Amino acid sequence: MADTRTPDQNTELDDNEIRTIRVEKLEELKKAGKNPFEIVKFNRQNVAEEIKNNFESFEDKHVTIAGRIISRRIMGKASFANLLDDTDKIQIYVKRDNIGEESYADFKKYDIGDILGIEGDVFRTHMGEISINVTKITLLSKSLLPLPEKFHGLKDTDLRYRMRYVDLISNPEVKKTFETRSKIITAIRCFLNDKGFVEVETPILNTIPGGANARPFTTHHNTLDIDMYLRIAPELYLKRLIVGGFSKVYEMGRLFRNEGMDIKHNPEFTTIELYEAYADYNDMMDITEKMFQFVAIKACGSTTITYQGTEINLASPWRRLPMIDAVKEYVGIDFAKPLEESIKDCAKKGIDLEKGLTWGQSLYEVFDRYVEENLIQPTFITDYPVEVSPLAKRKTADTRLTERFELFITSREIANAFSELNDPIDQKERFMQQVAEREKGDDEAQMFDADFVRALEYGLPPTGGLGIGIDRLVMLLTNSYSIRDVILFPTMKPLKN
């Protein structure tokens, strides 16, 4: 058998040397009037998956496909190659007598990564592999850089995220993750649209960043000569729409928070927020539970999934656990007692709390540090302290708490919801408390939004609101360890040239 190594398979050559060789090949093609980049269109009529899944219908039939060479075996007068398209890979059989000497000579000079247009007849080889007996071959695009070696692929995590285009070629399971992501987003929209929610769009550039406690990205509008902020949440705009007469609205889109990066956080991420007039946080729990089950069935075919080796059951009912009860159950501290006693109980267990924290801040601190890790199966943690819930309605039975929940699955917060605060006087006071926190140096505390308070003064009906982290939901349903695995182009520090 002839030596079929291509330059990209020669370990003595680096990428620059390989590129030089391939550019020379391209120049030869141009001189011969065969410049692939002059081809405007190829009339592809079939795809690999369709042919392989319906061989009985395609056997001996003439097909036209296109794809990228990912491997090949040169054998004198005939060769085999594997072509990868957007659905699957398929073997092609290229014989000199079928396509002519000139075309066959050209084919032998093609490189791994080149994109071909193929015409031919479908058959099954003696080894039983479905293949295409090529009758015509067209070079549609010349690959100037080598793909990662076939059997090792692109494994360097940093390079995979930076060069997603190569990652998608080398690792087919990555493409499946993003196809599932698309199914999840489509299913969410289908679920909400069927329930009468209206999808809307609100500004991404904000003069006041509101709706969440987070550090915003700052930019400058030249014409208006004002600083502006990339939105950290659409909440305050969506609630303005409820004031204006919409009864059910939602928005799915990107948010931007100038914060830390880890396996759960990316500076820009996708969420959905929805609001329903005359509903409360109990209704939001019902919607969340039903939506997740609907989406899981559409995307995964079942409400039972596996995440990082742990089976997760999304079937109803999900546990609903007040934060006070959660801390008592998992930490053994009863915050129903006066604060001084709770602090003493914390000290006995070796839990040091910062001096000066309020009752609500202390409760949340203990929960955040010691409870979340235990919440593996779907659990609604309810009744958050007022101090950490500036936009949620107080509970009438205990005004230290709010009608708020967060949904935890696999120890991660995936959804956040309130019975929305609609008292403009209370809202103004809470904004002022947030402003005081900013003045103390908390750059994540919210700014005062006078127009939002004005909107509330026109009357916001009792309203339930819900926010869901789409990326974290996709991580759950695709068994992805890091948020970067479910964002096509995650934020990365630029490489030095």
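**Exercise 1. Find which strands helix α8 lies across, and give its angle to β10.**

Solution. Take the helix first: α8 spans residues 172–194. Helix α8 lies across β6, β10 (248–256) and β11. Its direction runs at about 155° to β10. Helices here are DSSP runs of H or I with at least four residues, strands are E runs of at least two, and both are numbered from the N terminus. Axes are lines fitted to C-alpha atoms, for helices over the stretch in contact, with angles from 0 to 180 degrees between N-to-C directions. The model is predicted: local features need pLDDT of at least 70, side-chain atom pairs count only at pLDDT 80 or more, and totals for chains, interfaces and linings use all residues. Residues are numbered from 1 along each chain as its sequence is written, and side-chain values use heavy atoms, leaving out hydrogens and water.

**Exercise 2. Give the strand order of the eight-strand open sheet and name its edges.**

Solution. Start with the order: β6-β10-β11-β18-β17-β16-β15-β14, with mixed pairing. Two strands pair if DSSP finds at least two bridges between them. Next, the edges. β6 (198–199) and β14 (319–322) each have a single partner strand, so one side of each lacks a neighbour in the sheet. Now go inside the sheet. β11 (residues 268–277) and β18 (residues 463–469) pair in the antiparallel sense over seven bridges. I272 stands opposite I468 in β18.

**Exercise 3. Describe how α15 packs against α9 and against α14.**

Solution. Begin with α9 (residues 235–243) and α15 (residues 450–457). Their axes come within 9 Å and cross at roughly 25°. The two are therefore roughly parallel (angles under 35 degrees; over 145 is roughly antiparallel). Their crossing is left-handed: the near helix is turned anticlockwise from the far one by less than a right angle, whereas clockwise would be right-handed. L236, K239, R240 and V243 of α9 make the contact (heavy atoms within 4.5 Å) with D451, F452 and A455 of α15. These residues divide into four nonpolar, no polar and three charged. Nonpolar covers Ala, Val, Leu, Ile, Met, Phe, Trp, Tyr, Cys and Pro; charged covers Asp, Glu, Lys and Arg; the others, Gly among them, are polar.

Now α14 (residues 424–439). It packs on α15 at an angle of about 165°, with the axes 9 Å apart. That makes α14 roughly antiparallel to α15. The crossing is right-handed. P424, Q427, K428 and F431 in α14 meet F452, V453, L456 and E457 in α15. By class, this contact has five nonpolar, one polar and two charged residues. F452 of α15 takes part in the α9 contact and in the α14 contact.

**Exercise 4. Trace the pairing from β1 through β4 to β5.**

Solution. Step one: β1 (residues 62–75) and β4 (residues 115–124) pair antiparallel over seven bridges. A66 has G117 in β4 as its bridge partner. Step two: 10 bridges join β4 to β5 (residues 130–141), again antiparallel. R124 stands opposite I130 in β5. Step three, the turn: β4 and β5 form a hairpin with five residues between them, and G128 in the turn has a positive phi of about 90°.

**Exercise 5. Which residues have pLDDT below 50?**

Solution. Check the chain first. Its mean pLDDT (the predictor's confidence in each residue, from 0 to 100) is 94, and 96% of residues reach 70 or more. The stretch is residues 1–11, which has 18 contacts in the model beyond near neighbours in sequence. Where pLDDT is low, the predicted coordinates should not be read in detail.

Notes. Parallel < 35°, antiparallel > 145°, perpendicular 65-115°, else oblique.
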